[in-house]
Amino acid sequence: MSIKQNLNNIKSQLPEHVTLVAVSKTKPVSDLMQAYEVGQRIFGENKIQEMANKWETMPKDIQWHMIGHVQRNKVKYMADFVDLIHGVDSLKLLKEINKEAIKHNRVINCLLQIKIAKEDSKFGLSAEEAKTVISSDEFSELKNIKVIGLMGMATFTDNMQQVENEFKFLKHTFDDLKSKRLDNFNLETLSIGMSGDYPLAIDCGSTMVRIGSSIFGSRNYN
Ligand SMILES: *Cc1c(COP(=O)(O)O)cnc(C)c1O
């Protein structure tokens with residue numbers, strides 16, 4: 001099946017309140033343009049340099065989401081154009097994003113990444129750490145970032161019961177933190193679900209799915 005068919009199939013299955021991020025990491029601009037031509041305007045990348053290169057060459061009505069782990073010293077390369085940063089996992093990183101956003105006179109939307117997987121390799125804050133961050137005075141002073149939601153990645157496993165438990169834990173955390181409202185904190189977006197688990201994620205309350213291989217085919221990292 002073609003990229004266009006894959007995309008249309010997936011879109012036809014998504015409820016209206018769920019936003020699709022087309023995860024295009026490692027894929028050439030020509031592949032992204034196929035998705036663009038059938039209306040896709042949100043693309044997710046996990047490397048800042050690759051995202052910046054694609055942003056430069058592609059139409060300017062695309063919204064670019066950084067879904068990978070972000071190194072503080074690289075924030076400056078996306079600060080002028082990134083639409084949403086999914087993987088924010090420390091106050092230090094929020095401060096850096098805020099600093100770069102000020103230089104461009106804009107507010108950068110962020111999601112806090114919560115660690116829900118039982119694997120050491122996954123990044124993220126615990127629910128408690130997230131609470132500590134957003135309750136701090138330092139956080140409330142960051143005027144050029146806005147935390148609009150949470151993001152999580154389930155354990156890489158075939159055990160869908162475990163994945164479901166992890167998603168439900170994150171949804172619970174989301175509902176818990178949602179009662180808090182600040183100028184720079186207002187939870188609306190729950191970013192969970194990838195090619196292998198997005199129907200389950202939607203059942204568990206996802207409002208944003210990040211789908212790569214089911215649209216663009218498997219990735220070749222060589
Ligand atoms: C690569 C990636 C995805 C998409 O994964 P697929 O299984 O190809 O859909 C989603 N989220 C993150 C954070 C990723 O790095």
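Biologist: How do the residues of the shell around the ligand divide into nonpolar, polar and charged?

Modeller: Please keep in mind that this is a predicted model. The shell around the ligand divides into six nonpolar, three polar and three charged residues. The residues that surround the ligand are V23, K25, I67, M151, M153, M194, S195, R210, I211, G212, S213 and R219.

Biologist: Which N or O atoms in side chains lie 2.8 Å from a nitrogen or an oxygen atom of the ligand?

Modeller: A nitrogen atom of the ligand is 2.8 Å from an N or O atom in the side chain of R210, and an oxygen atom of the ligand is 2.8 Å from an N or O atom in the side chain of R219. The backbone takes part as well, with a polar backbone atom of S213 lying 2.8 Å from an oxygen atom of the ligand. Of the 390 Å² that the ligand exposes when taken alone, the protein buries 90%.

Biologist: How does one find the space itself, and which pocket does the ligand take?

Modeller: The general idea is that rolling a probe the size of a water molecule over the atoms shows where empty space is left. In this model, the space taken by the ligand is the largest pocket, and about 720 Å³ of space lies in that pocket.

Biologist: What lines the largest pocket, and which residues lie nearest its centre?

Modeller: The lining has 31 residues, and K25, K122, M153, M194 and R210 are those nearest the centre of the largest pocket. This lining divides into 12 nonpolar, 13 polar and six charged residues.

Biologist: Which helix gives the most to that lining?

Modeller: That is α7, with three residues; both α7 (160–178) and β8 (208–211) supply at least two residues each.

Technical notes
Residues are numbered from 1 along each chain as its sequence is written. This is a predicted model: local features need pLDDT of at least 70, side-chain atom pairs count only at pLDDT 80 or more; totals for chains, interfaces and linings use all residues. Side-chain values use heavy atoms; hydrogens and water are left out. A residue is near a molecule or strand if one of its heavy atoms lies within 4 Å of it. A polar contact is a pair of N or O atoms within 3.5 Å; within protein, one must be able to donate a hydrogen and the other to accept it, and residues adjacent in sequence count only if both atoms are side-chain atoms. Accessible areas come from the Shrake-Rupley method with a 1.4 Å probe; for residues, only the protein chains shown count as cover. On a 1 Å grid over the protein atoms alone, a cavity is a set of points where a 1.4 Å probe fits but cannot get out, and a pocket is an open set with protein on both sides within 12 Å along at least five of seven lines; lining residues have an atom within 4 Å of a point. A molecule sits in a cavity or pocket if more than half of its atoms lie within 2 Å of its grid points. Ala, Val, Leu, Ile, Met, Phe, Trp, Tyr, Cys and Pro count as nonpolar, Asp, Glu, Lys and Arg as charged, and the others, Gly among them, as polar. Grid points are joined across faces, edges and corners, and a volume is the space filled by probe spheres set on the points. Helices (H or I, at least four residues) and strands (E, at least two) are DSSP runs, numbered from the N terminus.
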